[in-house]
Amino acid sequence: SECRSLVLLVSSCLLALRYYFAEGQLSWAGDAAEHIVYAWVAAASFEAGEVPIWSNYFSGGSPFLQFYGFLFFYLVAIVNLVAGDLFTALKVVLGTAHIASGIAAYGWFRQTFDSRRAAYLGALAYILSFWHTQQVLFMGRLPLALFYAVLPLPFLFFEATRSWRHKELD
């Protein structure tokens, strides 16, 4: 059934992506250092009851995240309010976004191929692709985790629109 397929997919994702939830800090390599600091600024601001749009903590008082979107950092800050640890919050957001990317890919492939098996294999290929993990964890581009999670959605939308159009014409 569809429900069992999704449970299998989420279970497979949790097993395959367990490295997100390992003990210790994330790597500070690549761009990660700046993103970890941005997440810390957002978490400190949220804890103080503020929404960061300007910060003297980083870059000499430049506008907060003038070159990056804020959603990832705000999500980390919100999870940090519950978790109480910045690195735990980062791991939860990164891991959840990676799993969500698999679910989104499953939806797209399910719509495209009308096969649960093909959708499951396609979603696994999407979450296990080296470039996905390479950009987020090795290159340290942490906010891209959310990008990968929503990337399949426009394709799902266009595929659904195409199939609805074909049904209207029939």
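How many helices and how many strands does the secondary structure of the chain come to?

A: The secondary structure of the chain comes to eight helices and zero strands (helices are DSSP runs of H or I with at least four residues, strands are runs of E with at least two, and both are numbered from the N terminus). The model is a predicted one, in which local features need pLDDT of at least 70 and side-chain atom pairs count only at pLDDT 80 or more, while totals for chains, interfaces and linings use all residues. Residues are numbered from 1 along each chain as its sequence is written, and side-chain values use heavy atoms, with hydrogens and water left out.

The mean pLDDT of the chain (the predictor's confidence in each residue, from 0 to 100) is 85, and 89% of its residues reach 70 or more. Confidence is highest in helix α3 (residues 71-83), at a mean of 93, and lowest in helix α8 (residues 152-169), at 79. Of the 170 residues in the chain, 41% are buried (buried is under 20% relative accessible area, exposed over 50% and partly exposed in between, with a 1.4 Å probe and protein chains only). Among the contacts (heavy atoms within 4.5 Å) with a separation of 6 or more, 65% are between residues 24 or more positions apart.

Ser101 lies in helix α4, and it counts as buried because its relative accessibility is 0%. Not counting residues up to four places away in sequence, Ser101 touches Tyr126, Ile127, His132, Tyr148, Ala149 and Pro152. A polar atom of the Ser101 side chain also lies 2.5 Å from the backbone oxygen of His98. A polar contact is a pair of N or O atoms within 3.5 Å; within protein, one must be able to donate a hydrogen and the other to accept it, and residues adjacent in sequence count only if both atoms are side-chain atoms.

Two of the residues touched by Ser101, Tyr126 and Ile127, are among the buried residues of α5, which also include Ala119, Tyr120, Gly122, Ala123 and Leu124. Helix α5 (residues 116-128) has 13 residues and reaches 18 Å between its first and last C-alpha, close to the 18 Å expected (1.5 Å times one less than the number of residues). At the start of α5, a side-chain oxygen of Ser115 comes within 3.5 Å of the backbone nitrogen of Arg117.

Aromatic rings form a further part of the picture. Rings of Phe, Tyr and Trp (its six-membered ring) pair if their centres lie within 6.5 Å; planes under 30 degrees apart count as stacked, over 60 as edge-to-face and the rest as tilted. By this rule there are 12 aromatic pairs. One of them joins Phe72 and Phe73, edge-to-face at 5.3 Å centre to centre with 85° between the planes. Another joins Tyr126 and Tyr148: their ring centres are 6.5 Å apart and their planes stand at 65°, so this pair is edge-to-face. It links distant parts of the chain, with Tyr126 in helix α5 and Tyr148 in helix α7, 22 residues apart. Both Tyr126 and Tyr148 are buried. Elsewhere, ring pairs link Trp108, Phe109, Phe113 and Phe155 into a cluster.

Trp108 is also one of the contacts of Glu159, together with Gln111 and Thr112, leaving aside neighbours within four places in sequence. Glu159 lies in helix α8 and is buried, with a relative accessible area of 13%.

Val76 touches Ala39, Leu86, Ala89, Leu90 and Val93, not counting residues up to four places away in sequence. Ala39 is one of the buried residues of α2, whose cover includes α3 and α4.
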